[in-house]
Amino acid sequence: MSLTVDQQKQAAARAAIDYIENDWVVGVGTGSTANHFIDALATIKDRIDGAVASSEASAQRLKAHGIRVFELTAVGELPIYVDGADEINANLQMIKGGGAALTREKIVAQCADKFICIADESKLVRVLGQFPLPVEVIPMARSLVGRAMVKLGGHPAWREDCVTDNGNWIIDVHGLTIDEPIKLETAINQIPGVVTNGIFALRPADVLLLGKTSGVEVFK
Ligand code: 5RP
């Protein structure tokens, strides 16, 4: 058996189903790996109460499967959140936001008792930062935040034609070597106009289900 990248994502997503208990409302992420998870969740939809989505796209996919979608404000806390990542390190700290859903993802993750990251093996890295760091900004702050990113040693690029579900813009910051993820996550969030940044270190994942060519490996 030698799984392709997409099969690795699907295997990790399917493995996450084992963590779902009856009558739960499940927090659901965004992206191609999360889409595999939504499709897997549909196979057990009769034993869960529903889901909270981290994006409009995921909400639509859940609803298309006949899975009830709740507003986060209606449920408050969640037993579990399952989502992909653009990069993840051995401490289960991540870069997320390749799909521009980072702010809602961070909000839903923060409300969850357990965060399960599902990913293919290309996402596991030693040091975060090869993947450009997404930063969601209030549109009028784009230049201000860009200049601040240069001072932090990065090369900002505006993600053109991208408006987030919250009506904001994304700056992708290239060239950062993120040795201290908690410190940088905190620092970037202090810049006026930053809604949030794609470092998920203050609230890392609790479990990584990593799809590999040979199957799924579990990291805790
Ligand atoms: C979306 C995300 C995704 O989790 C991340 O981009 C990974 O995507 P994929 O599962 O398609 O590789 O953070 O904002």
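A: A pocket is found on a 1 Å grid over the protein atoms alone: it is an open set of points where a 1.4 Å probe fits, with protein on both sides within 12 Å along at least five of seven lines, and its lining residues have an atom within 4 Å of a point. Grid points are joined across faces, edges and corners, and a volume is the space filled by probe spheres set on the points. The model is predicted: local features need pLDDT of at least 70, side-chain atom pairs count only at pLDDT 80 or more, and totals for chains, interfaces and linings use all residues. Residues are numbered from 1 along each chain as its sequence is written, and side-chain values use heavy atoms, without hydrogens and water.

The largest pocket holds about 340 Å³ of space. Its lining has 16 residues, with Ala53, Phe70, Glu71, Leu72 and Arg104 closest to the centre. Two or more lining residues come from each of β2 (50-53), α3 (56-64), β3 (69-70), α4 (72-75) and α5 (102-110); helices (H or I, at least four residues) and strands (E, at least two) are DSSP runs, numbered from the N terminus. The largest share, four residues, is given by α3. By class, this lining has eight nonpolar, four polar and four charged residues, where Ala, Val, Leu, Ile, Met, Phe, Trp, Tyr, Cys and Pro count as nonpolar, Asp, Glu, Lys and Arg as charged, and the others, Gly among them, as polar.

The ligand sits in the second largest pocket, meaning that more than half of its atoms lie within 2 Å of the pocket's grid points. This pocket has a volume of about 180 Å³. Of its 18 lining residues, Thr30, Gly31, Gly84, Ala85 and Asp86 lie nearest the centre. Helix α2 (residues 32-42) gives the most to this lining, with three residues.

Around the ligand there are 17 residues, the closest being Ser32, Thr33, Asp86, Gly97 and Lys123; a residue counts here if one of its heavy atoms lies within 4 Å. Oxygen atoms of the ligand lie 2.6 Å from a side-chain N or O atom of Thr33, 2.9 Å from a polar side-chain atom of Lys96 and 3.3 Å from a backbone N or O atom of Gly84.

Definitions and conventions
A polar contact is a pair of N or O atoms within 3.5 Å; within protein, one must be able to donate a hydrogen and the other to accept it, and residues adjacent in sequence count only if both atoms are side-chain atoms.
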